[in-house]
Amino acid sequence: MEATNSKMDDIKTDPQINLNYEPSEFPRELARHYISASEDDIAEMLNFIGINRLEDLFNHIPKFLQFDGGMNLPNELEYNAAASKLAKIADRSNLKVSFIGDSVPHWSTHPIVDYISKLRPLSTSYTPYQPERSQGTLVTHWIYQCVLSTLTGFEAINTSLYDRSAAIYEAITCAYRTNPRGGKILLAKSLFESDLKVIQTLSEETELEFLFVPYDSQTGLLQYDWLKSLSEEELNEISAFAFPQVNSLGLLEDVDFLSDFARSNGIRSIACIDPMLLGTGGLKPPTDFGMEGADFMVGEAQHLAIPPNFGGPGLGIFGCRHNENNKKDLRSTPGRYIGKAKDINGRDCFVMVLSTREQHIRKEKATSNVCSNQAFLATLAGASLLAKGENGLAESVQKAKSMRGKVLDALDNLKGVTLAYPESCGFNELLLKLDSPVNELQEKASAQNLQLGIDASNRISSKKNHHLLKLSFSDIHDEDSVEKLISFFHEQFTKNNSIKGEQRSKKEIGPDYLREKAAGIPSFSYDELTLYYEKLADLNVSPDDGCYPLGSCTMKYNPMLNDWAASLPGFAQAHPQALEGDIQGPLEILFEIQEWFTKITGLPGVTTQPVAGAQGELVGLKLFQAYHRSRNDLNRDVIFIPQSAHGTNFATAAMAGFTGTDGIVYLQASPNGTIDMEDFNQKILKYGHRLCGVMITNPNTSGIFEDQFHSIAKIVHQAGGLVYMDGANMNAIAGVIDLGKLGVDAVHNNLHKTWTIPHGGGGPGDAIVAVSEKLKDFLPGHQVYKNSDGSFYSRCPSKSIGSFHRNWGNFGHKVRAYSYLLRLGNEGIPRMSTVAVLSARYLHAKLKNYFPTLPSEAESAPRMHEFILTLSEKDFFNLQKVGIPKSKAIPQVGKLFLDFGFHAPTVAFPEIFGLMIEPTESYTKAELDRFVDAVIAIKQLIEECPEAVKTAPHFTPIDRVDEVDANRNLVLQEKLEHLPSLHLNRIKPSVLNDLEISEIKKRIIDCTS
Ligand SMILES: Cc1ncc(COP(=O)(O)O)c(C=O)c1O
């Protein structure tokens, strides 16, 4: 493809900026607004659909719902200007020698991470729903599962949950499902406070009730006697117990006692671990806790893959047992698993398994609402562990431990600083008791370019004169940094020769706490791994290479500039717990995002905390509940959701507690696909007084604007309810429709769709939630404000519902989104959505002559960003004749798209006989025309050679995968002796892209005969 844009930016980039890629090598990178179509392309497409001007695409939507005179956002910046602005903001962070660690540990990042991050078919592809075209992603996740399993001992590792907090909560709900008892949960106070806050927020309005196990002020550990004092009656009510291996003071809990205590009392144990510390020479794995090990294992693994990134994207790890003694738990767990499989010709391969527990199938009965997860972080973590290998990991662990020891020795005879809780052990963290407030010392250290750990005083006691400083050590620390720290202490505290080191006790860690045998992590060289992951990338396709038509997923171009910006040290290395003065860069990004999204949505409040669309939905519903509670309106226990909604909407509602009689009420669609007003009005009559709110996707999942949305919102408000808009399809209306005027109270924007965050093979996603005035004060997390001197600070809203992430959400993605916004500006945002709609309308107009479209009576409804094709009865019949039943026809037709070098459209959602196509604004007319030719060729194959549908796909590395067998005979991990062997493409997508469509069709027929 050539960049044919009429207004191109200056191709030369500013040498000062030091981009780590060459923009002109990426043809879409320099196109204005990242829209590849030329003005001529746009004119021709408009002409074809019989419309004069781009803005006329929205003529069917009342003008009073549209922005009048733009959003009042800044103008777009040219490429260089955007890059330098981002670099300047990043420079506002002060990066110092840091001993913060704590809830976001900071370890060295292996160079393999940078290498794999640039492999676009891995970083930009979608969730591997089409295994034949996604073996690259599937193998990277398989590696993650295998290595994490080796490290932790757990047989089933999912890939992945949002972060540690979410993983603990999901483990709690899973343990509760498998062991309901009285629904009481023991929660260790020694978990991180930020995690506890998320857990409490998520549990609001659910059946869960927490009992907090307190700290023991003598030991700095949990009060084990408190546990022992629980009566049998109390114990019988308890479903689960979540506790850390290393507590928030950096001390090692007696995990043997805690696991055995849980098991002997019929309580499911959830061990929170740090995977980094489990390397050889480190702490013992959770399968070795007590007599039989913990039941569930959770933790944070962001630091296996990337630096702090101001707290995210995180990587929540979650494991359960899956062996001869326990096969039950797995089906109650949340999240995604990859299993070993065979294709129909017996080739070894991989596929996602256990999806019958997930939201897209089970809706409100799903095990969790997670859809986009943290997949790419799992890819990176798996590769990093292989690159570090057994020895590398052991060295890192030893280094952290020895640095701690060195500092402890050096502080031994200082007056005013002592080891806190000397009878308890630490591993790589050091808890010091000071004779003066910690913040005073931190300020002094900061002036000397040191980030001096964290103030842990309030974690265990609220007493005055109780000053605890926690320092974290890792393999980022070298002799120089530790010497700097030691010198600082020696400057600040005087020597006291009367104190003998030995008297202060440095208790050795007993063997019961440590790993007994080597971890056995396989090791591979950097060169081996780069070659291997390149091969994996070749097995996927990327939106870089052409239309990626997955409906509802908005697979648009992901600018390189965004990734570069997110990797700037001022963002990537910033720690979310650093002093406010050191993190002005990240705070500025968050402030700007808040500002831009209030204008983009037309709503006055914004939270940047949620990490995925599904989590945004949950934020919305919890806000609704809090709003009603605050008005003492306590019987609003019903939520309306259209039947055709995405599975996450139902799963989210269930997670928010809408589970009672009629908790979730399904709204019916009329034959034209929009909400059936008669049905809606009847339901309002019946449930209006109990209505908490309504959740509506707009444009809906059929690609049609809900023309009654505004009236529905009015009626819902009159009934006392609130309106949530699922904004997964904002790419159709951003910058055009004012959601405030539409009557929306809360909406999520999936950053990984409309706002160009790469999909990463399934995540990390991200979501920004905007809200109406009514909900502003209830927003979760912190809001960022600007002082008159231009500096930034953050505060919690007055009636905040709590927190959904241990820190600021997937911060790295906020940088990416901001980078995109700078390039779009006021004019580019509506141009983006308008061209996306134009592209879809153009394809729809071309293809509707060949295929019936759905919904059945929506023929004349103007399509927005996507549309649904189906087959004629004759086509279905043709396929039946060759043995493809109607129920399997659509997924099978989807496989033919892979043969033409494309990804498949979304199959069988929201209509079971539908192929949902969303082209986005990223492609030229020539590219769209090629896609049209391929779809017409598919139609011809169905008619002329239906056997080709049966045997598809033909050119992918493997034939159709036998998913049923993979689910029946689950294999979720193995000990990796070598890198999994691969089948290579029979014809590479890049070669397919260069062939005429007619030639590909001929080759398919040749394969079939
Ligand atoms: C309409 C709709 N709603 C919600 C979601 C869930 O978003 P996420 O995957 O970011 O959790 C999706 C994801 O595909 C979607 O298409």
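**Entry 1**

In which loop is the place of Phe310? I looked it up in this predicted model, and found Phe310 in the loop between α11 and β8. I picked this residue for its backbone: Phe310 has a positive phi of about 55°, yet it is not a glycine. My reminder to myself is that most residues other than glycine have a negative phi. Next I checked the cover around the side chain. Phe310 has a relative accessible area of 0%, so it counts as buried, the cut-off being under 20%.

**Entry 1: Gly311**

I then turned to Gly311, which sits in the loop between α11 (302-305) and β8 (316-320). Is Gly311 buried or exposed? I read a relative accessibility of 0% for Gly311, and therefore noted it as buried.

Asn449 is not a glycine either, and its phi is positive, at about 65°. I found Asn449 in the loop between α14 (438-447) and β13 (450-451). How accessible is Asn449? Its relative accessibility is 42%, which lies between the cut-offs of 20% and 50%, so I wrote it down as partly exposed.

**Entry 2: cis peptide bonds**

Which residue is joined to Pro764 by a cis peptide bond? The partner is Gly763, and omega is about -5°. Pro764 has its place in the loop between β21 (746-750) and β22 (767-771). I noted another cis bond between Phe909 and Pro910, with omega at about -5°. Pro910 belongs to the loop between β27 (906-907) and β28 (915-917).

**Entry 3: the ligand and its shell**

Now for the ligand. I found 15 residues around the ligand, and Ser372, Gly613, Ala614, Asp726 and Lys753 come nearest. How do the residues of this shell divide by type? I sorted them into 5 nonpolar, 7 polar and 3 charged. Helix α21 (residues 613-630) gives the most to the shell, with 3 residues. I also looked up the space that the ligand takes, and this is the second largest cavity.

**Entry 4: polar atoms by the ligand**

Which distance separates a ligand nitrogen from the side chain of Asp726? I read 2.6 Å from that nitrogen atom to an N or O atom of the Asp726 side chain. A polar side-chain atom of Asn750 is 3.1 Å from an oxygen atom of the ligand, and one of His646 is 3.5 Å from a ligand oxygen atom. How much of the ligand does the protein bury? Taken alone, the ligand exposes 390 Å², and the protein buries 99% of that.

**Entry 5: Thr652**

My last stop was Thr652, which I found in helix α22 (residues 647-655). Which residue has a side chain in polar contact with that of Thr652? I found Asn369 there, and the contact joining the two side chains is 3.0 Å. Thr652 shows a relative accessible area of 0%, which is why I listed it as buried.

Methods. Residues numbered from 1 in each chain as written. Predicted model: local features only at pLDDT ≥ 70, side-chain atom pairs only at ≥ 80, totals over all residues. Heavy atoms only, no water. Near = heavy atom within 4 Å. Polar contact = N/O pair within 3.5 Å; in protein donor to acceptor, adjacent residues only side chain to side chain. Areas by Shrake-Rupley, 256 points an atom, 1.4 Å probe, with all protein chains shown as cover. 1 Å grid on protein atoms, 1.4 Å probe; cavity = no way out; pocket = protein on both sides within 12 Å on 5 of 7 lines; lining within 4 Å. Sits in = over half its atoms within 2 Å of the grid points. Helix = DSSP H or I, 4+ residues; strand = E, 2+ residues; numbered from the N terminus. Nonpolar A, V, L, I, M, F, W, Y, C, P; charged D, E, K, R; others polar. Buried < 20%, exposed > 50% of the residue type's maximum accessible area, 1.4 Å probe, protein only.
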